[in-house]
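Colleague: Could you put the model up, so that we can go through a few spots together?
Modeller: Here it is.

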Amino acid sequence: MARRVRDHLAASRDPEAFVRSLGVNLTGRVRFYGVNRAMFGSEPWLITIGDNVYVTSEVQFITHDGGTLILRKEYPDLDWTAPITIGDDVYIGMRAMILAGVTIGNRCVIGAGSVVTRDVPDNTVAAGVPARPLRTTDEYLERLRAKSLGIGHLPVPAKHEAMKRIYGVPTG
């Protein structure tokens, strides 16, 4: 219990330092939302995350195949563990799961709830179970620009007020 409280405080104070303390290799600025020790499994030192990456809550990085455990009666030395590499300019949606051996390229978006079982090339939006490429990041950008509210530059309180006006939500 004490470790859980210490972890929570450390992760709240400085999420990047907390993640580095677990052994994860951060090569640039990474923003974590809801970070905890369990996100990185038992081999966090096999995970490398690039610059300008957003990791949302309940994302899981799984660097091994635990199914080997039941087969060790027959093959005692059986094990499969592999690194996970995340490039630069990547957004990983809530509850996504990144499996062992996967590389996610630069300028990618991973949809919420996706299970990434294979490499995702640069400039790709991928989603689903298993995750598959849906479109390029450039195509995604064009779709977003067409329906943008035009308020992304505002500070959060002003953004919320603008959303309330746009959607007719009473303020007060």
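Colleague: What separates Lys164 and Glu161 in helix α4?
Modeller: They are three residues apart in helix α4, which is about one helical turn. Before going further, please keep in mind that this is a predicted model, in which local features need pLDDT of at least 70 and side-chain atom pairs count only at pLDDT 80 or more, while totals for chains, interfaces and linings use all residues. Residues are numbered from 1 along each chain as its sequence is written, and side-chain values use heavy atoms, with hydrogens and water left out.

Colleague: And what do the side chains of Lys164 and Glu161 form when they meet?
Modeller: They meet in a salt bridge, at 3.8 Å from N to O; the term stands for a side-chain nitrogen of Lys or Arg within 4 Å of a carboxyl oxygen of Asp or Glu. An α-helix has 3.6 residues a turn, so residues three or four places apart point the same way.

Colleague: Which residues are in the network with Glu16?
Modeller: Arg20 and Arg29 are linked with Glu16 by salt bridges. Within it, Glu16 counts as buried at 11% relative accessibility, whereas Arg29 is partly exposed at 43%.

Colleague: Changing topic, in what order do the six strands of the open sheet come?
Modeller: The order is β2-β4-β7-β10-β12-β13, with mixed pairing, where two strands pair if DSSP finds at least two bridges between them. β2 and β13 stand at the edges with a single partner strand each, so one side of each is left without a neighbour in the sheet.

Colleague: How do β7 and β10 run, and what is the bridge partner of Tyr91?
Modeller: Strands β7 (residues 90-92) and β10 (residues 108-110) run parallel and are joined by three bridges, and Tyr91 has Val109 in β10 as its bridge partner.

Colleague: Where is Thr56, and is it buried or exposed?
Modeller: Thr56 sits in the loop between β4 and β5, and it is buried, with a relative accessible area of 6%.

Colleague: What does the side chain of Thr56 reach?
Modeller: It reaches the backbone oxygen of Gly93 at 3.3 Å and the backbone nitrogen of Met94 at 2.7 Å. Leaving aside neighbours within four places in sequence, Thr56 is in contact (heavy atoms within 4.5 Å) with Tyr33, Met39, Tyr91, Ile92, Gly93 and Met94.

Colleague: Back to the helix, what comes just after α4?
Modeller: Gly168 does, and it takes a positive phi of about 70°.

Note on methods
Helix = DSSP H or I, 4+ residues; strand = E, 2+ residues; numbered from the N terminus. Buried < 20%, exposed > 50% of the residue type's maximum accessible area, 1.4 Å probe, protein only. Polar contact = N/O pair within 3.5 Å; in protein donor to acceptor, adjacent residues only side chain to side chain.
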